[in-house]
Amino acid sequence: MKTYDPEKAPDAAEWLELEEEERISRVSDYHRHAKIKLPNLAIHAALHAVVENQIAEGLQAVRETVARLQEEELSRHDAIHSVASVLVGRLQDLLRAGAPAQFEVEAYFQDLRSLTAEEWLKSWKKGVEKGSTSL
């Protein structure tokens, strides 16, 4: 795997063989070459990589959510964004709770199971109108 394309799932074994920095670099390269403007490319690429890692590692809730959102007419790229937005929300909750809070994996999975393309698109459009998005 020489390049990353969020519309095509990378081969799981090849993806996981890459060092984390290389995964993030390939995601960054994709967005740079596609001339996609982002508030923070480094964070955006890291979140893409985390979701791709979860898919490659076989996290069923993540895989099923991406597949379901694509069936609901989201591109794979936007499905990755939607999962990342749920992850960001859970991380924000964790930071607000402070130490010694723990990441609630089952709550994250439940949030993914209830996420819809329509809900995510409304949230994303609202963020764009305000001049910010979670990604």
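# Exercises on a predicted helical model

**Exercise 1.** List the residues that Tyr108 touches, not counting residues up to four places away in sequence.

*Solution.* With contact taken as heavy atoms within 4.5 Å, Tyr108 touches Gln54, Val62, Val83, Val86, Leu87, Arg90 and Phe103. The model is predicted, so local features need pLDDT of at least 70 and side-chain atom pairs count only at pLDDT 80 or more, while totals for chains, interfaces and linings use all residues. Residues are numbered from 1 along each chain as its sequence is written, and side-chain values use heavy atoms, with hydrogens and water left out.

**Exercise 2.** Describe how α6 packs, and characterise how α5 and α6 cross.

*Solution.* First, the buried residues: Ala107, Tyr108, Phe109 and Leu112 of α6 are buried, and the buried residues of this helix pack against α3, α4 and α5. Next, the geometry: the axes of α5 and α6 come within 10 Å and cross at roughly 140°, axes being lines fitted to C-alpha atoms, for helices over the stretch in contact, with angles from 0 to 180 degrees between N-to-C directions. Angles under 35 degrees count as roughly parallel, over 145 as roughly antiparallel, 65 to 115 as roughly perpendicular and the rest as oblique; α5 and α6 are therefore oblique to each other. Their crossing is right-handed, in the sense that the near helix is turned clockwise from the far one by less than a right angle, anticlockwise being left-handed. The contact is made by Val83, Val86, Leu87 and Arg90 of α5 and by Ala107, Tyr108, Asp111 and Leu112 of α6.

**Exercise 3.** Is Arg26 buried or exposed, and which side chain does Arg26 join through a polar contact?

*Solution.* Arg26, found in helix α2 (residues 20–33), is buried, because its relative accessible area is 13%. A polar contact is a pair of N or O atoms within 3.5 Å; within protein, one must be able to donate a hydrogen and the other to accept it, and residues adjacent in sequence count only if both atoms are side-chain atoms. One of 2.6 Å joins the side chains of Arg26 and Glu22. Leaving aside neighbours within four places in sequence, Arg26 is in contact with Met1, Lys2, Thr3, Tyr4 and Leu18.

**Exercise 4.** What is the phi of Lys35, and what is the phi of Glu73?

*Solution.* Most residues other than glycine have a negative phi. Lys35, in the loop between α2 and α3, has a positive phi near 55°, and Glu73, in the loop between α4 and α5, has a positive phi near 85°. Lys35 is exposed, with a relative accessible area of 70%, and Glu73 is exposed, with 71%.

How values were computed
Buried means under 20% relative accessible area, exposed over 50%, partly exposed in between (1.4 Å probe, protein chains only). Helices (H or I, at least four residues) and strands (E, at least two) are DSSP runs, numbered from the N terminus.
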